[in-house]
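The report below takes up a pocket, some charged contacts and a nonpolar patch in turn. Please read it alongside the sequence and the coordinates.

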Amino acid sequence: MLPNVTNISKIRLTHARFFIFKTMHALARKHARCQVKNNARISQKTRTDDEFRTLELVKERFKRTPRREREKREVPQRRHGQNIDQDWGSIWPVARTFHPATVPLPIRQGYPATSQPIPDKYGNAELMKIPNFLHLTPPVIERQCLALKKFCTPWPAGLETREKQIINFPLTLSTSSYLHSSPSIRDPRARVVTMKVPVDALNLDKHALNKLLRLVVDRYDPKTGLLTLVADRCPLSNQNQEYLQYLLTVLVNESKKSGPFSHEENDLFENRVFSWSKVQTDTTQRRLNEVRGEAMSSEFVQEYEKVVTEIHNSGEDDYTISQYRDAVLKLYGL
């Protein structure tokens, strides 16, 4: 059966009327909204003309809202749960930075402000900067010694006293280590090495001993009989230690060397004291008599002898040089 043409036309007309009505209604609502906005702007403009308007550099949408403060949760400190008979070695086993919540001691450190007590341990930068030895308490040290005892050997027999140790091990090397709070753990004083050795332990004869004492000058102490050598020219202590061993070897070898004049009788070499002999006096006086052409008084020669002896034994200084100059001028009659 075919549809009725008249009914189809009526349906289409109804849809067209509904669409037109819906469109007109939407336009009316939009027109009403625009009219309300315009009226609001006009009223706001008329209202703000009479008031002082502030300059807003930042728009409302860019302004930051204040943050909410978070609730502070206080963490319970470890020291409150510690017992009196606790094992401190298990709580602080190794070296670490000071922590006030772990150490159950009222420690204070720092420079106090005016009319204020010394700063306590909470938030104290001075306690955190310096190294501490809280991990080396006496019970912990005793425990560590017992653990290392199985790796140690018994003390050698025959070295019970200091005298026996010096006889068997005469050479002594001394170094220093420094611990302080600074950006660097290096200390320039740590490279200094001191070596001490008894001269009798070097097994030198009279000639070699005399030569060695001349080479070391003031490094030998006649009261204790020790030869002291100090080295700090190398950057590391191990290098300075090797240098001292080399230096002692060279000194001993050079002292044992002998020349053709070594066995001659000479008080200056053997006794390390200069003495003016009678032969030198006669020779000096004879030469002066030949130069001046007349007999020379023995008083001038004795004065010259005294000055020369003092220069050799006491050393050269302003006083001895001036005395030597005056004695020479008197000898030549100037």
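## Largest pocket

The largest pocket has a volume of about 270 Å³, a pocket being an open set of points on a 1 Å grid over the protein atoms alone, where a 1.4 Å probe fits, with protein on both sides within 12 Å along at least five of seven lines. This is a predicted model, in which local features need pLDDT of at least 70 and side-chain atom pairs count only at pLDDT 80 or more, while totals for chains, interfaces and linings use all residues. Residues are numbered from 1 along each chain as its sequence is written, and side-chain values use heavy atoms, with hydrogens and water left out.

Among the residues that line the largest pocket are Y178, I185, R186, D187 and P235; lining residues have an atom within 4 Å of a point. By class, the lining comprises six nonpolar, two polar and three charged residues.

## Salt bridges

The structure holds six salt bridges, each a side-chain nitrogen of Lys or Arg within 4 Å of a carboxyl oxygen of Asp or Glu. D187, one of the pocket-lining residues, pairs with R189, the closest N and O atoms being 3.1 Å apart. D187 counts as buried because its relative accessibility is 15%, buried meaning under 20% relative accessible area, exposed over 50% and partly exposed in between (1.4 Å probe, protein chains only), whereas R189, at 47%, is partly exposed.

## Nonpolar patch

F133, L136, I141 and L179 make a nonpolar surface patch of about 390 Å². Of these, I141 lies in helix α4 (residues 138-148) and is partly exposed, with 37% relative accessibility.

How values were computed: Patch = residues over 30% accessible without salt bridge, like charges linked within 9 Å, V, L, I, M, F, W, Y side chains within 5 Å. Areas by Shrake-Rupley, 256 points an atom, 1.4 Å probe, with all protein chains shown as cover. Helix = DSSP H or I, 4+ residues; strand = E, 2+ residues; numbered from the N terminus. Points joined across faces, edges and corners; volume = space filled by probe spheres on them. Nonpolar A, V, L, I, M, F, W, Y, C, P; charged D, E, K, R; others polar.
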